[in-house]
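Q: Could you walk me through how this chain is packed and how its strands are arranged?

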Amino acid sequence: MMGGATARVPAKINLHLGVGPLRDDGYHELSTLYCALSLYDEVTVRGDDALSVTVRGENRRQVPSDATNLAARAVVALARHAGMDPHVAITIDKTIPVAGGMAGGSADAAGALVAAARLWRLDIARDELLAIAAELGSDVPFSVVGGAALGTGRGEQLLPVLHRGALHWVLAVSGSGLSTPDVYREIDRLRARDGDDQPAAAGVARPDELMQALASGDVRAVAPLLHNDLQPAALSLQPMLRRTLRAGREAGALAGIVSGSGPTCAFLCADEDAAVRVAAELSGSGVAKAVRTASGPVAGARLIAVN
Ligand code: ATP
């Protein structure tokens, strides 16, 4: 079957990331509030004689172009589910920072699922697609769904969260990435050192106050409630991020946090104009490899072209 389909998929940040105890399956119990941001990868899937991956964009060299690419794994998983051959050419136009704590790989997997399901004209229920997504990675279901959502379990169990208006962000992208497993290992190490290796229920409490602030649309109520349990671990592995966080606040952001497992830092700004000013100042300060503005919540993986 030839022809092609393209999906556009957003990056995410975690407005709240509570990390509970390590589970028997090796994952940590999480309570997280995801927010999809207007920074997108595009994933095109075309019928071909074999499975292939091409990555385009300035970060392409950091992304595998073999069967280990998460988009390729997504196509293989969906093909197996549907009894198809996974013979497609995948092209990823990459804008989301790689290993930046913004779920770039998960976004590509979500885009590949949505695009391949359309290419093959699969009659697949949303829940089935989300179950395949969850097997590919904890953040993949959210990349499909987008918006704002509460994630529990290892992040894959989602509940949509009410939100009003858009939040305006500045993202400071670091020159070197952080591996998510390394950051989780570091939080375990820090907790063991501090005698806090059983964070129990408090670590995974639902961020009710933040959810109320999001529903109210009051950015100044949201700002002080941003929280990331992984931040100390990311700062421990990349101490320079302290300077980045300070520079963002000094540039006029309402608040700044490390995004997910980092090292991207996300700064919440009062409005779009403020975000442009903060971005300009941060760019000049030299603390980040790249500085971007983005807003959110935005929709999850969406088809943008079919032919
Ligand atoms: P998360 O926020 O979900 O923890 P991340 O944003 O920190 O993840 P990714 O950009 O998803 O990190 O990349 C993590 C690693 O996954 C990369 O170093 C890369 O080797 C591998 N990878 C596999 N497929 C992809 C893909 N399609 N895009 C980016 N990285 C990929």
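This is a predicted model: local features need pLDDT of at least 70, side-chain atom pairs count only at pLDDT 80 or more; totals for chains, interfaces and linings use all residues.

A: Residues are numbered from 1 along each chain as its sequence is written, and side-chain values use heavy atoms, with hydrogens and water left out.

Q: Which residues touch the most other members of the largest nonpolar core?
A: Among its 67 residues they are Ile13, Leu15, Leu78, Ile90, Leu113 and Trp169. A nonpolar core here is a set of buried Ala, Val, Leu, Ile, Met, Phe, Trp, Tyr and Cys residues joined through side-chain atoms within 4.5 Å, where buried means under 20% relative accessible area (1.4 Å probe, protein chains only).

Q: Which helix gives the most to this core?
A: Helix 2 (residues 104-119) does, with 10 residues; helices are DSSP runs of H or I of at least four residues, and strands are runs of E of at least two, numbered from the N terminus.

Q: And what about a second core?
A: A separate core of 30 residues includes Ala172, Leu178, Leu245 and Ala247.

Q: Switching to the open sheet, what is its strand order?
A: Its 4 strands run in the order 9-10-7-11 with antiparallel pairing, and two strands pair if DSSP finds at least two bridges between them. Strand 9 (255-258) and strand 11 (290-296) are the edges, each pairing on one side only.

Q: How many bridges join strand 7 and strand 11?
A: Strand 7 (residues 167-173) pairs with strand 11 over 7 bridges, and His168 stands opposite Ser295 in strand 11.

Note on methods. Buried means under 20% relative accessible area, exposed over 50%, partly exposed in between (1.4 Å probe, protein chains only).
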